[in-house]
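Please open the structure in your viewer and keep the selection tool at hand. The stops below go from the whole chain to a few side chains.

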Amino acid sequence: MSDQRKDEPQRGVALKTRDKQKSKRPRMYRVLLHNDDYTPMEFVVRLLQTVFHHGESMAQQIMLHVHNSGVGVAGVFTHEIAETKVAQTHMLARQNESPLMASMEPEDDPDAES
């Protein structure tokens, strides 16, 4: 048996500490809606409200931008969420017999070194 008490710290024991790693923000992706000549504007507004959670005013602004410019940003998300939003958009468009297209593209990475 040892002469040392249990409540006394043991000598010669080294604790290993971890270096703190700075976590990087995930890369973000823009979900784009593409204009077509067949999808009703009201459907696009409703889609922006339900899938992308925009208020009516913002949904109207985005829809008009898409209509006038040919393409517009519906939202910015992480990769997995952006993929899901694109898939939901396509599914709802097909269910409503609409040719509406959505795509995603990476945002510029502010943490990238030039």
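The tour starts with the overall fold and then turns to a pair of aromatic rings.

Begin with the whole chain, shown as a cartoon; this is a predicted model. There are 3 helices and 3 strands in the protein, and along the sequence they follow the pattern β-α-α-β-α-β. Of the 114 residues, 25% count as buried.

Now select phenylalanine 52 and phenylalanine 77. How many aromatic pairs does the protein have? The count is 1 aromatic pair. Phenylalanine 52 and phenylalanine 77 form this pair, with 6.1 Å from centre to centre and 35° between the planes. Stacked or tilted? The pair is tilted, because planes under 30 degrees apart count as stacked and those over 60 as edge-to-face.

Phenylalanine 52 is in the loop between helix 1 (41-50) and helix 2 (56-69), while phenylalanine 77 is in strand 2 (residues 71-78). The two are 25 residues apart, and the pair links distant parts of the chain.

Bring the surface back over both rings. Phenylalanine 52 is buried, at a relative accessible area of 5%. Phenylalanine 77 is buried too, at 17%.

Lysine 85 lies over the face of phenylalanine 52, 5.9 Å from the ring centre.

Methods. Residues are numbered from 1 along each chain as its sequence is written. This is a predicted model: local features need pLDDT of at least 70, side-chain atom pairs count only at pLDDT 80 or more; totals for chains, interfaces and linings use all residues. Side-chain values use heavy atoms; hydrogens and water are left out. Rings of Phe, Tyr and Trp (its six-membered ring) pair if their centres lie within 6.5 Å; planes under 30 degrees apart count as stacked, over 60 as edge-to-face and the rest as tilted. Helices (H or I, at least four residues) and strands (E, at least two) are DSSP runs, numbered from the N terminus. Buried means under 20% relative accessible area, exposed over 50%, partly exposed in between (1.4 Å probe, protein chains only). A charge sits over a ring if NZ of Lys or CZ of Arg is within 6 Å of the ring centre and within 35 degrees of the ring normal.
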